Amino acid sequence: MKPHISKNFIIRNLFLCAAAIAITSCGTATINKPRSDAQIESLRTFELAFIDEFAVPHKRFNAAAFDAKVNQGNAMFQQAIANEKFTARRPVLNDLKAQFDADAAHLRSKASRGKVTPALASEMKKDVNKIYDHALGR
Amino acid sequence: MPSAGKTKRKKSTRKKSELGSALDQVGDESTAAAMKEFQDLLAQAKSDTTELVRQNAKELEERLILLKKRKIDKEDFDFFIENQKRDLRVFIDSQPAQAQERAERLTLHILETAATKVVPVLLAMI
């Protein structure tokens, strides 16, 4: 085989490999996105239920129940981040985790002092829905 | 559903005038100028073509009114401002670089102005 033919052969194979990788990556992303969406919806449901349970005006603050729920949430987020196959979603999941941490900290602070108002609960849920909608590209 | 849209616009106008009339009560000249600048900026953001910018401005306005009515306190307000910033980052993460810059300029600046200049004025009125 002449050198220039051999060189062309190598270049063609490299190009084919690169195309195959690109096509496979797109396919993987397409397959993983619905699963990733479902995972995010599950986290949203958990967080809204968390707010419903603890952002209740005049409700006596139960620190043990609160901590248990926060630990459950942390575990859910850690698992979701570790198992995320749709790589573009990883930074978004980190942002959602940061939102959960902030919600938990604020709710603990307010609920433990009996300072939860109906407007606080309602606005918190509004923010959760908004950030999750944006995370899902809606 | 034209009637639903009409109702929504009316509600928004009512809220705007509610905040606007409160901010118009400021006597001090330099503070009044800052409030006027904020209201102009808010009006500009509320009529922007980008949904995120409009939504951010509308939420900010609603929360300023909740603060003034003492339905939320300063801690809650600051918390929601941080949420809005965090949400913007989530949105911005998925935008092209040029769109990111524009969204940041039109949203974060208003949030900062509200937190640093408008809130102290509203709290002094309570």
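1. In this predicted model, the interface between the two chains brings 21 residues of chain B into contact with 22 residues of chain A. The area buried between chain B and chain A is about 1,800 Å², and carbon and sulfur atoms give 51% of that area. Eight salt bridges are found across the interface of chain B and chain A.

2. In chain B, the side chains of B:Glu18 and B:Lys69 meet at 3.2 Å, N to O, and the pair links distant parts of the chain, with B:Glu18 in helix α1 (residues 2-23) and B:Lys69 in the loop between α3 (51-68) and α4, 51 residues apart. B:Glu18 is partly exposed, with a relative accessible area of 25%, and B:Lys69 is likewise counted as partly exposed, at 44%. Elsewhere, salt bridges that share partners join A:Glu123, A:Lys126, A:Asp127, A:Lys130, B:Lys58, B:Glu59, B:Glu62 and B:Arg63 into one network.

3. A:Arg44 is buried, with a relative accessible area of 8%, whereas A:Glu41 is partly exposed, with a relative accessible area of 26%.

4. The aromatic side chains form eight pairs over all chains. The rings of A:Phe46 and A:Phe100 have centres 6.0 Å apart and planes at 55°, so this pair is tilted. A:Phe46 belongs to helix α1 (residues 3-54) of chain A and A:Phe100 to helix α3 (residues 90-112) of chain A, so the pair ties together parts that are 54 residues apart in sequence. A:Phe46 is buried at 10% relative accessible area, and A:Phe100 counts as buried at 0%. By contrast, A:Phe54 and A:Phe66 have ring centres 5.0 Å apart and planes at 80°, so that pair is edge-to-face. Both pairs fall within one aromatic cluster, which is formed by A:Phe46, A:Phe50, A:Phe54, A:Phe61, A:Phe66, A:Phe77 and A:Phe100.

5. Charged groups also meet aromatic rings: the charged end of A:Lys59 sits over the ring of A:Phe54, 5.7 Å from its centre, and that of B:Arg63 sits over the ring of B:Phe80, 4.4 Å from its centre.

6. The largest nonpolar core has 62 residues, and those with the most contacts inside it are A:Phe50, A:Leu96, B:Phe38, B:Leu60 and B:Leu64. Helix α5 (residues 97-125) of chain B contributes the largest share of this core, nine residues. Leaving aside neighbours within four places in sequence, B:Phe38 is in contact with residues including B:Leu60, B:Leu64, B:Ile110 and B:Val118.

7. Chain B itself has five helices and zero strands, and buried residues make up 41% of its 126 residues.

Conventions: Residues are numbered from 1 along each chain as its sequence is written. Chains are lettered from A and ligands numbered from 1 in the order in which they are written. This is a predicted model: local features need pLDDT of at least 70, side-chain atom pairs count only at pLDDT 80 or more; totals for chains, interfaces and linings use all residues. Side-chain values use heavy atoms; hydrogens and water are left out. A nonpolar core is a set of buried Ala, Val, Leu, Ile, Met, Phe, Trp, Tyr and Cys residues joined through side-chain atoms within 4.5 Å. Buried means under 20% relative accessible area, exposed over 50%, partly exposed in between (1.4 Å probe, protein chains only). Helices (H or I, at least four residues) and strands (E, at least two) are DSSP runs, numbered from the N terminus. Contact means heavy atoms within 4.5 Å. Rings of Phe, Tyr and Trp (its six-membered ring) pair if their centres lie within 6.5 Å; planes under 30 degrees apart count as stacked, over 60 as edge-to-face and the rest as tilted. A charge sits over a ring if NZ of Lys or CZ of Arg is within 6 Å of the ring centre and within 35 degrees of the ring normal. Buried area is the accessible area (1.4 Å probe) that two parts lose on being put together, summed over both. A salt bridge is a side-chain nitrogen of Lys or Arg within 4 Å of a carboxyl oxygen of Asp or Glu.
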